[in-house]
Amino acid sequence: MTAITPIRLRAEDEEDLKVVSACLQDAILPVGDMCFQPDEKRFVMVVNRFRWEAADQPRPGPTADDDDLAPYERVHCGVRVEGITGAKLRGFDLKDRGRMLELLSMETVEGGVALHFAGGGCVRLDGPSWRMLVEDLGEPWPTGCKPCHPDETTPDRTA
């Protein structure tokens, strides 16, 4: 078994951001782990990234007794967006620093980037020439929870 290399990505346009968005889908973070730094024109956050790239593979190293209970992994991941001139929030309050957010997707919008969270929360980052840097930090840890999404092609049986 070989260890999976930590991710280290850069996004500068819509196509790049689609790749980064897929890697960060279902990342979780407390509101207090994001910050807009206006003097540096930077937005930063540290998320707990679900390692989708390792979800269907055995974990490296010796087999542990709890591998069946915790077959997946998360890892801390730093996200830095340079060239940001403004940040707007919707759907949550920065004062609620312990509230957990789940990142669903990121997309380019006119003049910047939007980060969409479960429950309707959004961070809009303004910056016409933004650049995003994403890097895993430290070692992954086991988790028994794999994020799941309703199958949109399955009809709703509650109706």
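This is a predicted model: local features need pLDDT of at least 70, side-chain atom pairs count only at pLDDT 80 or more; totals for chains, interfaces and linings use all residues.

**Entry 1: the overall layout**

In what order do the elements of the protein run from the N terminus on? I read off β-α-β-β-β-β-β-β-β-β-β. The secondary structure comes to 1 helix and 10 strands.

Next I looked at contacts along the chain. Of the contacts with a separation of 6 or more, 72% are between residues 24 or more positions apart. I also wrote down that buried residues make up 35% of the 159 residues. The protein exposes about 9,600 Å², and carbon and sulfur atoms supply 50% of that area.

**Entry 2: the nonpolar core**

I then turned to the inside. Which members of the largest nonpolar core touch the most other members? They are L24, M34, F43, M45, L115, F117 and M132, out of 28 residues in that core. I checked where the core draws its residues from: α1 (14-24), β4 (42-50), β5 (72-82), β7 (100-109), β8 (112-117), β9 (122-126) and β10 (131-143) each supply at least two.

Setting aside residues up to four places away in sequence, F117 touches L29, M34, F92, L101, E102, L103, L104, C122 and V123.

Why do I call β5 largely enclosed by the rest of the structure? I do so because 9 of its 11 residues are buried.

I followed the pairing of β5 next. β4 and β5 run antiparallel and are joined by 9 bridges. In this pairing, V44 stands opposite R80 in β5. β5 also pairs with β10 in the antiparallel sense, over 10 bridges. There I found Y72 opposite T143 in β10.

**Entry 3: salt bridges**

How many salt bridges does the structure hold? I have 11 in my notes, and I went through a few of them.

E82 forms a salt bridge with R42, with the closest N and O atoms 3.0 Å apart. This pair links distant parts of the chain, since E82 is in strand β5 and R42 in strand β4, 40 residues apart. Is E82 buried or exposed? E82 is buried, at a relative accessible area of 17%, while R42 is partly exposed at 24%.

I moved on to R49, which is buried with a relative accessible area of 0%. R49 forms a salt bridge with E53, the closest N and O atoms being 2.9 Å apart. E53 counts as partly exposed, at 30% relative accessibility.

R49 also forms a salt bridge with D136, and here the closest N and O atoms are 2.8 Å apart. D136 sits in strand β10 and R49 in strand β4, 87 residues apart, so I marked the pair as another link between distant parts of the chain. Both D136 and R49 are buried. Salt bridges that share partners join R49, R51, E53, E73 and D136 into one network.

**Entry 4: two residues with positive phi**

I looked at backbone angles too. Most residues other than glycine have a negative phi. D26, although not a glycine, has a positive phi of about 75°. Where is D26 found? D26 is in the loop between α1 and β2 (28-30), and D26 is buried with a relative accessible area of 0%.

K41 has a positive phi as well, of about 55°, and is not a glycine either. K41 lies in the loop between β3 (34-37) and β4. I noted K41 as partly exposed, with a relative accessible area of 46%.

**Entry 5: D126**

My last stop was D126, which is found in strand β9. D126 counts as buried, at 15% relative accessibility, because the cut-off for buried is under 20%. What joins the side chains of D126 and R124? I found a polar contact of 2.8 Å.

Which residues is D126 in contact with, leaving aside neighbours within four places in sequence? I listed G83, I84, T85, G86, K88, G111 and G112.

Key: Residues are numbered from 1 along each chain as its sequence is written. Side-chain values use heavy atoms; hydrogens and water are left out. A nonpolar core is a set of buried Ala, Val, Leu, Ile, Met, Phe, Trp, Tyr and Cys residues joined through side-chain atoms within 4.5 Å. Buried means under 20% relative accessible area, exposed over 50%, partly exposed in between (1.4 Å probe, protein chains only). Helices (H or I, at least four residues) and strands (E, at least two) are DSSP runs, numbered from the N terminus. Contact means heavy atoms within 4.5 Å. Two strands pair if DSSP finds at least two bridges between them. A salt bridge is a side-chain nitrogen of Lys or Arg within 4 Å of a carboxyl oxygen of Asp or Glu. A polar contact is a pair of N or O atoms within 3.5 Å; within protein, one must be able to donate a hydrogen and the other to accept it, and residues adjacent in sequence count only if both atoms are side-chain atoms. Accessible areas come from the Shrake-Rupley method with a 1.4 Å probe; for residues, only the protein chains shown count as cover.
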